[in-house]
Amino acid sequence: MRIDVVTIFPGYLAPLREALLGRAIDAGLISVAVHDLRTWTHDVHQAVDDAPYGGGPGMVMRPQVWGEALDAVVGDVPSGEAPPRLIVPTPAGRPFTQAMAHEYAAESRLVFACGRYEGIDQRVIDDAATWMPVDEVSIGDYVLVGGEVAVLAIVEAVARLLPGVLGNPASAEQDSFSDGLLEGPAYTRPETWRGRAVPDVLRSGNHGAIARWRRDRALERTAARRPDLLAALPPTALDRADRAL
Ligand SMILES: COC(=O)c1ccnc(N)c1
């Protein structure tokens with residue numbers, strides 16, 4: 001997968017080259033190119049924003065600069081080849097979910113536009129949508145200063161799903177949300193720590209009982225913390241034992 005990120009703070013994306021993602025880049029599983037938006041300014045101040053029409057606080061990112069940047073970064077899409085998906089992180093976006101991470105993991109190319117200030121002139125998104133799929137995506141109900149942190153989160157959630165990136169592919173298959181539920185509690189050695197023992201069932205070797213216990217804890221945690229996820233489960237997702245909980 002090829003990933004391009006356009007930002008006025010390229011240094012913010014440095015963590016993409018660390019640890020697991022860094023190894024995936026070194027292994028050629030993903031390529032990441034970070035582009036400084038100011039490359040496409042033509043004034044001495046390298047201005048990327050201006051006052052909002054209609055007044056109001058803050059500044060809006062200028063369409064000319066973004067238009068030239070996306071034209072250059074996306075480039076000419078060869079005929080017959082699918083254009084990349086443009087992802088614009090914004091608090092006003094569609095909530096990012098594990099299902100979307102799987103969708104994005106199937107793409108061959110993603111381009112991220114990092115907005116700052118009060119956002120990017122809407123015409124940039126409207127223009128881009130005439131020649132590539134554009135998703136405005138939120139990583140939660142809170143406001144950041146820029147889209148860069150959201151790009152780090154989205155890229156990590158997507159890249160870990162790519163074949164070969166995780167050491168053990170089973171990890172991704174047993175993710176929270178993979179079965180519509182939150183993952184339950186996890187334990188490792190020692191058996192007792194500060195007077196707290198690991199649940200006996202996990203040391204029993206009874207794999208059926210262990211699977212049941214884990215499912216029950218996941219259902220309990222989901223009911224307590226995310227009843228919306230439980231309500232969204234298809235009726236067939238809960239078996240008789242689940243309902244008995
Ligand atoms: C500037 O971008 C944001 O503030 C942002 C982006 C994505 N998700 C959010 N919740 C906020």
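**A walk around the ligand and the pockets**

Start by selecting the ligand and Ser138: a nitrogen atom of the ligand is 3.3 Å from an N or O atom in the side chain of Ser138. That is a polar contact (a pair of N or O atoms within 3.5 Å; within protein, one must be able to donate a hydrogen and the other to accept it, and residues adjacent in sequence count only if both atoms are side-chain atoms).

Before you click on, note that this is a predicted model, where local features need pLDDT of at least 70 and side-chain atom pairs count only at pLDDT 80 or more, while totals for chains, interfaces and linings use all residues. Residues are numbered from 1 along each chain as its sequence is written, and side-chain values use heavy atoms, with hydrogens and water left out.

Next, pick Gly140, where a backbone N or O atom sits 2.7 Å from a nitrogen atom of the ligand. How much of the ligand does the protein bury? Taken alone the ligand exposes 310 Å², and the protein buries 95% of that (Shrake-Rupley method, 1.4 Å probe).

Strands here are DSSP runs of E, at least two residues, and helices are runs of H or I, at least four, numbered from the N terminus.

The space taken by the ligand is the second largest pocket. A pocket is an open set of points on a 1 Å grid over the protein atoms alone, with protein on both sides within 12 Å along at least five of seven lines; lining residues have an atom within 4 Å of a point. About 430 Å³ of space lies in this second largest pocket. Of its 25 lining residues, select Pro89, Thr90, Pro91, Ala92 and Gly119, the closest to its centre. E5 gives the most to this lining, with 5 residues.

Last stop: the largest pocket, with about 610 Å³ of space. Select Gln174, Glu183, Gly184, Pro185 and Arg214, which lie nearest its centre. Helix H7 (residues 207–225) gives the most to its lining, with 6 residues. By class, that lining has 11 nonpolar, 4 polar and 10 charged residues.

Methods:
On a 1 Å grid over the protein atoms alone, a cavity is a set of points where a 1.4 Å probe fits but cannot get out, and a pocket is an open set with protein on both sides within 12 Å along at least five of seven lines; lining residues have an atom within 4 Å of a point. A molecule sits in a cavity or pocket if more than half of its atoms lie within 2 Å of its grid points. Grid points are joined across faces, edges and corners, and a volume is the space filled by probe spheres set on the points. Ala, Val, Leu, Ile, Met, Phe, Trp, Tyr, Cys and Pro count as nonpolar, Asp, Glu, Lys and Arg as charged, and the others, Gly among them, as polar.
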